[in-house]
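Welcome to this short tour of a protein chain. Take a moment to look over the sequence and the model, and then we will walk through them together.

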Amino acid sequence: MPKRLAYLVLVAGAAVMLLPFLASLFNSLKTYADYIAVPPGLLPDPFEWSNWTQVWERAPFGIYALNSLLIASLAAFGNVLSSAMVGHALARMKLPARGALLTAALATMMLPTVVTIIPSFILFREFGWLDTFLPLIVPFWLATPFGIFLMRQSFLAVPKEFEEAATIDGAGPWRVFTRIHLPLVKPALATLTVFTFMSSWGAVLEPTVYLTSPDKLTLPIGVMGLRGQFVGNDQLVTAAALMSLLPILVLFLIAQRYFVRGAMAAGLKG
């Protein structure tokens, strides 16, 4: 009975969390008259399936999506690679003051983005990177505090016997890292990939500051700009916002079997 009750509570919680998504989906399929009706109706009458196609016809939604996909994919790859290397070094190598280095890295998580955005803007302006994708990609290739912590905890959970056996067989540090340790922390790699992709895909502040050309805008900025173009057509903005969520949902469904295990691995060993 307690197990059935637990499942019932979980199903009820999932249903409650799903309601806003369903409400947005139905709103995206309404006419404008139904959208602003008081009291609001639950189901569209009729279903305006053309709302989703109108978004692509009235705005360069495809360009926005490709820009976001390129930025988020490169950012995720760079963060996973660099964070794995730094996390492995802090977990497995005998570095001087490695505890202090980890603490310093984690301390930067307390700095809000708005504090660092102006120095970053000045730095990227000196590099000549403004109105390019580089300010949105390169910082992830230098590892992130959360990625370092997650990967360090995952590498600490790998038994030392694997490394010792590989070393006896003549494997060097790089081969141990790539052939032994990385395959054993796939859940953490998948988790970091999902988190980084979501963070980069949904970023609003940084693209607004660094990008100015209309053909270089990302999807969230494009969706925000639709409100000015679709005055009196808020249902189209809702459809555009839902379309921007689809890549995140697909990525999460692909990586979900690793996601929970990777999140749990962060607290295994200190």
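## A nonpolar patch on the surface

Which residues form a nonpolar patch on the surface? They are Leu18, Leu19, Phe21, Leu22, Leu245, Leu246 and Leu249, and together they have about 580 Å² of accessible area. Please keep in mind as you look around that this is a predicted model.

Two elements give two or more residues to the nonpolar patch: helix H1, which covers 2–27, and helix H14, which covers 234–265. H1 gives the most, with four residues. Phe21 counts as partly exposed because its relative accessibility is 33%.

## The chain as a whole

Now let us step back. The secondary structure of the protein chain comes to 14 helices and zero strands.

The C-alpha atoms fill a box of roughly 70 × 65 × 30 Å, taken along the principal axes. The chain has 270 residues, and 36% of them count as buried. Its accessible surface comes to about 15700 Å², and carbon and sulfur atoms account for 72% of that. As for contacts with a separation of 6 or more, 76% of them are between residues 24 or more positions apart.

## Two helices that pack together

Two packed helices are described by the angle between their axes and the distance between the axes. What are these values for H4 and H5? Helix H4 (residues 61–92) and helix H5 (residues 98–107) pack at an angle of about 145 degrees, and their axes are 9 Å apart. The crossing of H4 and H5 is left-handed.

To find the place where they meet, look for Leu90, Ala91 and Arg92 in H4, and for Arg98, Leu101 and Leu102 in H5. In the loop between H4 and H5 you will find Ala97. Ala97 has a positive phi of about 55 degrees although it is not a glycine. Ala97 counts as exposed, at 51% relative accessibility, because the cut-off for exposed is over 50%.

## Salt bridges

How many salt bridges are there? The count comes to two. In one of them, the side chains of Glu163 and Arg92 meet at 3.7 Å, N to O. Glu163 lies in helix H9 (residues 160–168) and Arg92 in helix H4, so this pair ties together parts that are 71 residues apart in sequence. Glu163 is partly exposed, with a relative accessible area of 22%, while Arg92 counts as buried at 15% relative accessibility. Arg92 also belongs to the H4 residues that meet H5.

The side chains of Arg125 and Glu126 also meet in a salt bridge, at 3.9 Å, N to O. Here Arg125 counts as partly exposed, at 44% relative accessibility, and Glu126 counts as exposed, at 58%.

## Some residues in loops

Is Ala143 buried or exposed? Ala143 is buried, with a relative accessible area of 14%. You can find Ala143 in the loop between helix H7 (134–137) and helix H8 (145–156). The phi of Ala143 is near 75 degrees, a positive value in a residue other than glycine.

Val38 sits in the loop between helix H2 (32–35) and helix H3 (50–58). Val38 is exposed, with a relative accessible area of 78%. Val38 and Pro173 are 135 residues apart in sequence, and in space they are 66 Å apart, C-alpha to C-alpha.

## Thr218 and its contacts

Our last stop is Thr218, in the loop between helix H12 (205–210) and helix H13 (219–229). Thr218 is buried, with a relative accessible area of 5%. Which residues is Thr218 in contact with, leaving aside its neighbours within four places in sequence? They are Tyr64, Ser68, Ile71, Ala203, Pro207 and Leu211.

Thr218 and Leu18 are 200 residues apart in sequence and 26 Å apart in space, C-alpha to C-alpha, and Leu18 is one of the residues in the nonpolar patch.

Definitions and conventions. Residues numbered from 1 in each chain as written. Predicted model: local features only at pLDDT ≥ 70, side-chain atom pairs only at ≥ 80, totals over all residues. Heavy atoms only, no water. Patch = residues over 30% accessible without salt bridge, like charges linked within 9 Å, V, L, I, M, F, W, Y side chains within 5 Å. Areas by Shrake-Rupley, 256 points an atom, 1.4 Å probe, with all protein chains shown as cover. Salt bridge = Lys/Arg side-chain N within 4 Å of Asp/Glu carboxyl O. Buried < 20%, exposed > 50% of the residue type's maximum accessible area, 1.4 Å probe, protein only. Axes fitted to C-alpha atoms, helices over the stretch in contact; angles between N-to-C directions. Left-handed = near helix turned anticlockwise from the far one by under 90°. Contact = heavy atoms within 4.5 Å.
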